[in-house]
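Visitor: I have a structure to look at and some questions about it. Please answer them one at a time.

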Amino acid sequence: MSSLSIRDVHKAYGPTEVLKGIDIDIDSGDFLVLVGPSGCGKSTLLNMIAGLDSITSGEIRIEDKVVNDTHPSERDIAMVFQSYALYPNMNVEKNISFGLEMRRMPRKQRRERVAEVAQMLQIEPLLKRKPSQLSGGQRQRVAMGRALVREPKIFLFDEPLSNLDAKLRVDMRTEIKKLHQRLGSTIVYVTHDQIEAMTLATKIAIMKGGVLQQLGTPAELYNQPANMFVAGFMGSPSMNLIPAELVASDGEPAVRMVRKDESSMLLPVGDNPAYRDWIGKPVILGLRPETITDVGSAEQDSPLLFQGECLIDVTEPTGADVFAIIELNGREVVGRMRASCGAKVGEKLSVVFNMRHAVLFDPQTEGRIG
Amino acid sequence: MSDTTRTSGDWLRQNLPRLVLSPSFAITLFFVYGFILYTAWISMTRSRMLPKLDSFVGFENYGKLWKTLNWQIALDNLAIFGTLYILICGVLGLLLAILLDQKIRAEGFLRTIYLYPMALSFIVTGTAWKWFLNPGLGLEKSMHEWGFHSFSFDWLINPKMAIYTVVIAGVWQTSGFVMAMFLAGLRGIDNEQLKAAQLDGASAFQTYRRIIIPQLRAVFLSAFVVLAHMAIKSYDLVVALTGGGPGNATEVPATFMYSYTFTRNQMGVGAASAMVMLMTIAAIIVPYLYAETREKRHG
């Protein structure tokens with residue numbers, strides 16, 4: 001059953017169009033993450049789902065009911081804001097129950113619901129405190145409690161973790177994920193952090209300049225990015241995008257790579273029928289850093305493993321791994337090696353290219369080929 | 001040679017703030033605090049037309065003051081004026097601020113209009129309202145000329161009502177300022193809280209009553225302190241508008257103090273009344289300042 005459906009939604013402020021026809025459908029229980037760089041319209045879209053922003057044209061349905069002109073309080077949604085937006089003059093209990101009170105729920109029932117939610121979020125000892133007496137993480141919990149207590153059809157999260165420090169952000173991320181798994185609720189979550197998107201989502205909608213770039217599961221976005229923007233945005237370090245020429249090598253499509261010492265090598269990209277038309281033409285090769293490895297950490301069951309000596313320009317140790325930068329076709333290319341692989345700056349290393357996950361893009365349209 | 005220049009330059013740099021501040025510090029110390037002490041001393045002497053510093057009588061003048069009918073009238077009037085002035089200014093200021101906060105067009109222009117009376121001196125306000133409320137000159141005459149012959153508005157010359165005209169003029173002058181204070185407070189409230197309230201299903205009225213106005217507590221306090229001390233000090237407005245009259249119907253402590261000190265040859269009693277006013281204002285302002293500075297030290 002479709003829980004939220006967004007059909008050809010536009011938003012314009014005067015002549016400036018900030019959303020140019022968005023179509024998204026999610027099922028009940030889905031965790032949709034809207035992700036994109038700032039100014040891509042993701043927060044505007046969330047506000048439109050919440051009813052805090054009007055819809056210029058198009059249609060938003062919640063459980064098959066068009067809510068375009070429904071007041072925010074009657075859409076059966078609850079929202080967690082970036083600044084938490086707790087009412088500073090009320091204590092935690094009042095903050096959580098305010099929405100219920102406005103809906104004229106009897107006091108006794110309100111108490112029960114608040115107690116239930118407080119227990120779930122482990123904020124019972126804080127109920128009598130004012131928001132100013134809470135830490136960032138505690139405020140975050142209270143803000144979630146305020147949303148949970150309403151038991152809405154859809155939860156909306158507007159960059160809820162961006163005000164927390166790095167460690168707490170990771171903890172709260174896990175907590176949100178647990179909560180979603182336990183309650184099975186439908187969630188729409190806005191963030192600019194692609195790691196948050198990858199870890200939390202069951203579906204990601206990636207936006208840029210008011211246009212939906214791709215909608216899919218995290219794995220789809222990661223492995224089959226629709227275009228170069230999606231490829232570059234998802235993943236850290238981001239995908240290497242290397243201009244190359246597609247050639248036929250033994251009847252199979254391959255890309256020609258020129259190393260720093262001017263020697264070239266051919267990397268077959270697999271026999272995808274769509275590639276045939278591109279032979280002899282320039283393409284952009286997309287390779288994730290983890291597909292460029294040292295010999296020991298290569299994915300052994302991959303049918304498309306190729307080895308070549310490459311000069312290491314820079315190494316960036318991260319502890320577990322070391323990111324080695326090599327030069328291919330005049331571009332800096334990042335590979336992900338084991339820390340113990342022995343990569344040294346200025347020396348050659350035997351590098352394995354796992355071409356199973358390689359993708360090709362059209363340099364003109366920036367769309368994926370195949 | 002160069003060493004001594006450097007040290008004298010250093011000395012100057014270190015002490016420049018003190019040097020610059022010291023004249024005004026000395027002047028304030030002498031003319032404000034010195035004369036407060038001087039007045040306090042006079043209030044305990046038998047001074048009549050001129051200060052007589054050697055005739056100490058203790059608190060006799062204060063006793064006299066509280067038995068003076070005029071002082072009682074002045075206090076009654078202050079109670080009426082002060083209460084209404086603070087209340088109406090506060091309510092009107094808040095109301096105007098809320099209305100202006102509705103994202104209306106030409107807000108800057110309207111804000112200026114409401115704020116402008118504050119730029120006038122109370123003397124100008126008093127004189128303008130005196131003309132406007134004068135039955136033979138202003139509102140009443142105009143209404144009569146337009147044909148409303150039964151219209152009557154004689155508060156200015158009615159001893160029972162004259163103090164309320166002072167309230168009207170005072171409110172007209174100050175409510176814009178209070179509005180500006182409240183407006184600044186309203187603007188300081190996080191926009192997301194209002195969105196959250198909307199999602200929680202609170203009506204506009206409930207949002208203001210339950211969420212916004214409780215957050216303006218500090219503004220209410222500031223407004224109260226500003227208005228209260230203005231009410232107690234108010235002198236020029238009364239002098240320009242009613243001159244304390246008709247009779248002594250609009251006598252307030254400040255006009256009482258002036259007339260006893262400088263025209264009725266009762267300098268001792270006048271000084272005593274000045275001290276009572278000072279204590280009253282101090283009772284309002286000192287706790288406020290204390291709370292303010294303590295808050296800053298904490299945060």
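Visitor: Is Arg113(A) buried or exposed?
Guide: This is a predicted model, and every value here is computed from it. Buried means under 20% relative accessible area. Arg113(A) has a relative accessible area of 16%, so Arg113(A) is buried.

Visitor: Which residue forms a salt bridge with Arg113(A)?
Guide: Arg113(A) lies in helix H3 (residues 107-121) of chain A. The closest N and O atoms of the pair are 3.7 Å apart, and the partner is Glu151(A).

Visitor: How many residues apart in sequence are the parts that Glu175(A) and Arg141(A) tie together?
Guide: The side chains of Glu175(A) and Arg141(A) meet in a salt bridge, at 2.7 Å from N to O. Glu175(A) is in helix H5 (residues 166-183) of chain A and Arg141(A) is in helix H4 of chain A, so the pair ties together parts whose separation in sequence is 34 residues.

Visitor: Which of these two counts as buried, and at what relative accessibility?
Guide: Glu175(A) has a relative accessible area of 22%, so Glu175(A) is partly exposed. The cut-off for buried is under 20%. Arg141(A) counts as buried, because its relative accessibility is 17%.

Visitor: Which helix of chain B holds Arg210(B), the partner of Glu101(A)?
Guide: The side chains of Glu101(A) and Arg210(B) meet in a salt bridge of 2.8 Å, N to O. Glu101(A) lies in helix H2 (residues 92-102) of chain A, and its partner lies in a helix of chain B, so the pair joins two chains; the helix of chain B is H9.

Visitor: How many salt bridges does the rule find across the interface of chain B and chain A?
Guide: The structure holds 26 salt bridges over all chains. One that joins chain B to chain A is between the side chains of Asp200(B) and Arg150(A), at 3.4 Å from N to O. Across the interface of chain B and chain A, the rule finds 2.

Visitor: Which three residues supply 42% of the area that chain B buries against chain A?
Guide: In this interface, 16 residues of chain B are in contact with 27 residues of chain A. The area buried between the two chains is about 1,800 Å², and carbon and sulfur atoms give 57% of that area. Three residues supply 42% of the area that chain B buries, more than any other three: Leu199(B), Asp200(B) and Arg210(B).

Visitor: Which element gives the largest share of the side of chain B that touches chain A?
Guide: Between chain B and chain A, 12 residue pairs are in polar contact. Helix H8 (191-199) and helix H9 (204-215) of chain B are the elements that give two or more residues to the side of chain B that touches chain A. The largest share is 7 residues, and it comes from H8(B).

Visitor: How many residues of helix H1 (residues 42-50) of chain A are buried?
Guide: The buried residues of H1(A) include Leu45(A), Leu46(A), Met48(A) and Ile49(A). Lys42(A), Thr44(A) and Asn47(A) are also among them. H1(A) is mostly covered, and of its 9 residues the number buried is 8.

Visitor: Which residue follows H1(A) with a positive phi?
Guide: Asp76(A) has a positive phi too, near 60°, in a residue other than glycine. Glu262(A), likewise not a glycine, has a positive phi of about 75°. After H1(A), phi is near 95°, and the residue is Gly51(A).

Visitor: Is Glu262(A) buried or exposed?
Guide: Glu262(A) lies in the loop between strand E12 (252-258) and strand E13 (264-268) of chain A. The cut-off for exposed is over 50%. At 67% relative accessibility, Glu262(A) therefore counts as exposed.

Definitions and conventions. Residues numbered from 1 in each chain as written. Chains lettered and ligands numbered in written order. Predicted model: local features only at pLDDT ≥ 70, side-chain atom pairs only at ≥ 80, totals over all residues. Heavy atoms only, no water. Contact = heavy atoms within 4.5 Å. Buried area = accessible area lost by both parts, 1.4 Å probe. Salt bridge = Lys/Arg side-chain N within 4 Å of Asp/Glu carboxyl O. Polar contact = N/O pair within 3.5 Å; in protein donor to acceptor, adjacent residues only side chain to side chain. Helix = DSSP H or I, 4+ residues; strand = E, 2+ residues; numbered from the N terminus. Buried < 20%, exposed > 50% of the residue type's maximum accessible area, 1.4 Å probe, protein only.
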